[in-house]
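Visitor: Please take a close look at one part of this structure, the place where the two chains meet. What is found there?

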Amino acid sequence: MARAFLALEDGTVFEGESFGAPGEISGEVVFNTSMTGYQEILTDPSYRGQIVAMTYPLIGNYGVNDEDVESAQPQVEGFVVRALSPIASNWRHRRTLDEWLTQHKTVAIQGIDTRALTSLLRQQGALRGVLSTLDGDRKRLVEKARSSPGLVGRDLVKEVTCAKPFAWGEAPAADKPLHVAAVDCGMKAHIPRMLTLAGCRVTVVPASMAADQLLALKPDGLFLSNGPGDPEGLPYLIQTVRACLGKLPIFGICLGHQILGLALGGKTYKLKFGHHGANHPVMEIETGKIEITAQNHGFAVDPRSIGDEVEVTHLNLNDKTCEGMRHKKWPIFSVQYHPEASPGPHDAHHHFKRFIHLMKRGETT
Amino acid sequence: MPRRNDLHKILIIGSGPIIISQACEFDYSGTQACKALREEGYQVILVNSNPATIMTDPEFSDRTYIEPVTPEAVEKIIARERPDALLPTLGGQTGLNVAITLAQSGVLERYGVEMIGADAQAIRKAEDRQLFKETMQAAGLDLPISGVARNLTEARAAAERIGFPVVIRPAFTLGGTGGGIAYNSEEFDRIAQAGLSLSLASEVLIEESVAGWKEFELEVMRDKKDNVVVVCSIENLDPMGIHTGDSITVAPVQTLTDREYQAMRDDAITVIRAIGVETGGSNIQFAVHPQTGRRVVIEMNPRVSRSSALASKATGFPIAKIAAKLAVGYTLDELPNDITRETPACFEPTLDYCVVKIPRFAFEKFPAADPTLTVQMKSVGEVMAIGRTFPEALQKGLRSLEIGRFGLGADGKDKPVSEAELKGKLRTPCAERIFALRQAVQAGLSDEAIHELTKIDPWFLRGIRQIVELEEELKKNPPGPERIWKAKQFGFSDRQLAFLWGKEEGQIRSLRMKHGIRPRFYMVDTCAAEFEARTPYYYSTYEKPPHLASPPQGGEGKGEGAKKIMIIGGGPNRIGQGIEFDYCCVHAVFALKEAGFTTVMVNSNPETVSTDYDTADRLYFEPLTLEDILNIVEEERPWGVIIQLGGQTPLNLALRLEKAGVPILGTSPEAIDLAEDRKRFSDLVERLGLRQPPNGTAVTPDEALQIARRLTFPVLVRPSYVLGGRAMEIVYDEKDLLDYMATAVEASPERPVLVDKFLEDAIEVDVDLVADGRRAVIGGILEHVEEAGVHSGDAAMVLPPHTLEPAMINEIRQVSLRLAKELKVTGLMNVQLAVKGKELYILEVNPRASRTVPFVSKAIGVALAKLAARAMAGETLEALGFTEEIRPPFMAVKESVFPFARFLGVDIILGPEMRSTGEVMGIDLQFGPAYAKSQIAAYQRLPLGGRVFVSVKDADKPWVAEIARRLAAMGFSIVSTSGTAEVLKASGLAVEEVKKIHEGRPNVLDLVLDLKVDLIINTPAGKATKADETKIRSLAVARGIPCVTTIPGALALTTGIASLLKEGIRICSLQEWHETIGVAG
C-alpha cells in the first residue's frame, strides 16, 4: 500500500498507509468516539471542512451498505483510522469501505496511532491538518496545514444545502400530515425520515431561502437542520430565522439550535475539541431524565448570552454545556444533539413527537 | 435521588465455593458491593462459605458469616441479624436461588426484609423459562420457537413440534448444567431426562436450535428513574451452540452496523424494563441469523454475572459497585465515573481498543470427560487481553492462558494433522479449536470452507488468517526493524519470533531494544482519550510514535518517584491455582499501600479482585510472561517485585527475572530453587537429619522399575515440575508402573519421572508459616481428614489437628520452623508432611503462598499474606506484632468442591491429582458440627436417616463395622454387597444384601438409579472391580446421592451426621469467633 501522511498545524506528522482515493486535502481534524456508524458519519454533511479520525481502532468491519447513508456520498474531507478491516462481514454489506471511498474519491489513511492523535487534539483543541498521499515532505505538509482556511467564520453550508426546494419523497405516516418546511443546512437524511415517520409532510428548502418565501409555503412548522461549520458564518440564515420568530413553531437540531440561539440574540462560541460521539449523557433539567445522545458539533450556544424569554432545558452532564432550550412565550425549542441519532442511541427520538405536539397545540413540552 | 435513609442493615449473599460457572467474579462483585454500601454508612451482613474470598475478610462487613449458602443457614442469619434489606443480585446464581427460595417460603416477609435491586417477581420473570417467554412476547420481542416441559412426555411433544436439532435448557441451574443440543430422539431423551432432574424446578425448555447464529451480549444498567445505559457490548467468536463461558468473546461488537447495534440496544432496554429489574445490572444475550439478520433474545440474567465482571474490566466501568449504589436509591447521574472523576457514571463507555476473553479448560484433569464444547459450561477460568487490534489481543490472550503457548502457534507445538482430522476438530468445537483454525489456514482451507465447518464469522477468520500469513512472511524473511514492528503490532511474542527466526528469546529482546521497538502503555479510560483519565489502568500495545515538533511524549504509564512494589498475580483460574492466590496478592497490595508504598499489580484474569482498578495504585492487565513482565518493569522501575504470592506462575519466572536484573523481594530465587529442585532438596533434608519417603528419579521404564522394586510397591509417580499433582499417580504393581511410564508421561533427562515410596495409611499435614528472614512463626497446622495420597488441594483439612498427639504436633512445628530458617524464608512458606505411626516424613516444601493461606488466615484472625508482604518489604515480624502462633479455641474445617456433576462418567475417587475447583469452610467448637457445616456448604447432601450402601475394599474392612455401627445407632439401615455384608454380619449388624453389578439384577446400580439409597460409602478396591465401581459412583453424582470414597471421610461424616441430629447447625459470625481467640489467647 502507498504511504500517506497526516500533518497538523502544531508540527506533528503521522505516517501511515493510504486507502480510499489518492490525493491531498486539508481540513480541521476532529475525532469521533462512536464505535459503530462510520458510514453514517462519513455521509453526514456536518463534517464538511473536517478530517475525521475514529477513536475506535477497527473500522470497515461490516463494510458499506445501500441503506445507512445520511447523504448521497461521503462528506468528510478526509478519514483517519487505526486499522482498516481487510474484509467486510455483514449480511447487508454491498462493498468494502475501501472500495466505496475510492469510488467517491475520498482520501483516507490507516495504520496511525489514533489514540496519540486524540490525546493531542484533547490537549490542544481541534487542529488544522493536511492529509496527503502525494507529498512526502513533512515540513511542507505542516506549512500547508498552517495555511489552510480552518472553520471559524466560514460558510460551509452553501456547499451542502440543496439548490432548490423539494418535497421529501417518503410518504408521511399519518392521514392528515402536518407540513414542515425543513431548512437544509446539510441535513442528515434521517431527519426528514424521522419527521415523516412522526406524521409530517416535509418540504426541504435551501438555507438561503428568504423568510417571506418560507412563510409563503404556509408550513405548520419550521425545522432548522444540522450542518457544518461556524453558525456565525451564516448571517443570512440568522436573519431569516429571526423574521420567523413567533410566527411559526420552530424546532432546531445542532447547527439549527445554534442559529436559533443567535436569532434569539444570544452568542455562540467554539468548543475546544467539540462533541463528536454517541455516548454523551444529556439531562432534561425539568424531569432529571437522562438520554444517551449522539453528538456532532464544534460550536455551542452560550446560555448566559440569551435573554430571559429563553430557558435552557437540557444540559450535557460531561461538561455542563447547553444541550437544549425553549422559548417561554413562542412555540420554539431546539436541541444541540441529534435526536435522529444515526449513528447513535435512540433515546432522544421522542423530540420529533414533541415537535408534532408543538405544531398541534403550540406547547413546547 | 439520594441514598435511602430507611435502610440501615443490608444482607449480602455470596456465591459460595468456586465451581465451574461461578468463580472469583462474584468475589470481585461482592467485594465491590460491600465496599460501596459501607462507604454509604450502611451496616453490611455477609454470608459466604468460601474462605478464599476477599469479601469474607472481616473488615469488609460488619458481620461476616462463613456459613453454608443455603436457605436454612441464611434464614438463621436473618432471624439473628434482622436486616432491613437483602441484596440478592451480587452472589451469582447461588445467591439468587437462595434469595428466591427465602422469598417464596415467606421468610423475607416474616422478618420484614425487603429485596432490593431486583425483586422476586423480576427474578422469576427472568429465570422461569415460560414466564420469560411470555414477557418477551408481550414486549414485542422475537425469540427462538420453544416449549416448556415438566416431564419427558411433554418434552418429547415439544421436540416433535419444533423439529431437530433442538436445545434443551433446564430452568434454575448454573452455567447451563444439564443442557445440551439434541440431533435425534435418543440424544434428546438422555439430555432432557438429565435436565429435568438437575433443574431446581424440574423444568426444561425445549427450543429451536439457533446453533451457528452470531452471538451477542449486552451489559445493561438501570436506575430508579428508569435511566438505562449499555455498559459494554460483546460479540462471541464462537457462535451460538457453545456456552458463552466457554466461548472466545470479543468486546466491543465487531460485525454489526450502527443500525443493527442500536436496534439490539433498544431491545435490551425493552427487556430490562419488561422484566422489571428496578436497579442494577443485567446481562442480555441475543442471537442474530448471519444471513437474514433475524435477531432473537436468548436469555437475561437479572444480576451481576461473569460477563459483567468481564465488561467492568473491559471498559473500566465498575458495574457491581454502581449496582450496589443504585440499589440503595442513587441514580446514575448522581454517581461519578471514577476513571475521569469529572464526568458522571451515567454514560456509555467507548473503547479504543479490542478486548478478547479466552476460556481456560482443564480437561487434562478429567480424561474420561467429553471435551466437546456445548451449551453446558466446562471451562474453569478465563483470561482477558487488550490490544489495539483483534490479532494483537487474541495473541496476547493465548499467551496469557498458561498452557505453554506463546500466541497463536508459531511455536512448533501443533502436531501435524490429516485434513480429515483437522476438519473434525473444526466441526466439533473443543478447547484447542483456535489452534486448529491456524492449521486450517496453513493447510490451505479457504475462509469460506472454514466458516462452513465452524460457523465462525468471516471477520474473525480473516483476523486469524492475517496472523498466519504474517507468520509465513516472518519465517521467510530475516529480522529487520519494520518486520519486528509489524509482528509486534499483530501480537507476536518474542518467544514466537525467536522460534520463527531460530534465535533465543533474549536475542529478540535485545534486537527490539536496539531498534527502539518498545510497547506503549495505554489506558483503559472509558472514554477513548476524550477526557483526561485519573485511574492508572493500563495495557500494552505497539504503536509507532508520530514525528513530533516538540519533545516526544512518553507512554501513558510512566512511573513516579515513590517507593514502588510490583506484585505479579496468578493468571487464569485453573484447577490447582485459583482464587486463593489472588487473595494473597490482594492482601499484599492492601498491606503495602498501608505501609506507604505505591503498588503495581500485574495480572491477566478478569474475574479477580486484583484486577479491580480500585485495588492497587496502578494496574497492568497483561499476560504473565517474562517478556511482558520485563516490559512493565522497564516502564515502572519498581523498587521490588513480589513473585511468591501468585502461585506457581510467577514463581516459575523467579530465576529468569532475577537474571534480567529485576529486584525480587522475599525469599531468594536461589532458595526457591533449593526447595523446588528435587535433588538439592533431598540433600538439604538429609543434611538436617530429617526424613523423606525413600525415592528415586527415573528416565526409562527400566529405571523406574528398579527404583520401585527397591522401594517396594505402592509407589507414587509423577513427572517433575508439575502443578496441582498433574499426572501424579499411586501405582500398586509393576504392570501399572510400566503402563504409566508408557502412556502417562514423556520422560526425558530434562524432565525425569519422580518415584516415591507411597506411605499407606499415613496422616498428611500441611503447615503454613510466615517468616521475615530470621524469625518464622507458624500460621496454622492443618491435619488432612483423608489419608495421605489425596492431593492437599482436594483433601478436607482440620485446623487445629484433631487426632495428632501433642508431641507429634510439636515435632511438626519444630521441623517446619527449621526448614524456614534454613531456606532463609522471607514471606510465606508451606510444608507438607506425613505422619505414619510415630514417624514424621517431609513430603515437600513450597517457598510461596499456598492454597490454604486464606483459610488459615480466616481461622486464626491474622492476615498472613499481609504480614508476608510487609516482611518482604523489610519489616520484622516483631515490629509487625506477630511473634506467637495462634491456637484458636474452635475447630475450622476446609472441604473441597468438585466439578464431577459436569463431567458425568468421570470417577470421583480422590487421588494425588488435584481435581477440585473450590473450597468451603465450616467453623464450630467441635469437629463434628464443623465438619457437618463444611459438607453442607460444599453442597454434599447429608442424610439424617434412611438407607446407606456400604461397600469397601478388603484393606478397609477392619474399619467398616465401626462406621456401620455408628450409622445403625443413628437409625440408618445398611445395605451391602456380599464381601462387606459378611464382615458386618460377623460384627452382629443387621444388613441387607444386594447384588454386585456383574451378579445380575436388581443390583446396586438399580438402587442408585431409583434413588433407593441416601448415602454411599464406597472405597476403591483396585483394578478388578474398578469399572463397576466407577459406574456406581458416577451414577451417584448424576442422581445427587452423597458418595464417600475414603474411610476417614466416612468416619468424619458419621460424626457430622451425629452432630446434626443432635443440634442442627449453629451460626456464628467470623468476628465473634475471632473475639474468642482474644479471650483464649
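Guide: Buried area is the accessible area, taken with a 1.4 Å probe, that two parts lose on being put together, summed over both. In this predicted model, chain A and chain B bury about 5,000 Å² between them, and 51% of that area lies on carbon and sulfur atoms. On the side of chain A, the residues that lose the most area to chain B are A:Arg82, A:Trp91 and A:Arg115; together they make up 17% of what that side buries.

Counted by contacts, 58 residues of chain A touch 67 residues of chain B. Charged side chains take part: there are 8 salt bridges between chain A and chain B. In a salt bridge between the two chains, the side chain of A:Asp113 meets that of B:Arg520, at 3.9 Å from N to O. That pair falls under the rule because the cut-off for a salt bridge is 4 Å. Polar contacts between chain A and chain B come to 29 residue pairs, with both residues at pLDDT 80 or more.

At least two residues each come from β2 (13-20), α3 (114-124), β15 (267-284) and β16 (290-302) of chain A. Among these, α3(A) gives the largest share, 6 residues. Sorted by class, the side of chain A that touches chain B holds 22 nonpolar, 22 polar and 14 charged residues.

How values were computed. Residues are numbered from 1 along each chain as its sequence is written. Chains are lettered from A and ligands numbered from 1 in the order in which they are written. This is a predicted model: local features need pLDDT of at least 70, side-chain atom pairs count only at pLDDT 80 or more; totals for chains, interfaces and linings use all residues. Side-chain values use heavy atoms; hydrogens and water are left out. Contact means heavy atoms within 4.5 Å. A polar contact is a pair of N or O atoms within 3.5 Å; within protein, one must be able to donate a hydrogen and the other to accept it, and residues adjacent in sequence count only if both atoms are side-chain atoms. Helices (H or I, at least four residues) and strands (E, at least two) are DSSP runs, numbered from the N terminus. Ala, Val, Leu, Ile, Met, Phe, Trp, Tyr, Cys and Pro count as nonpolar, Asp, Glu, Lys and Arg as charged, and the others, Gly among them, as polar.
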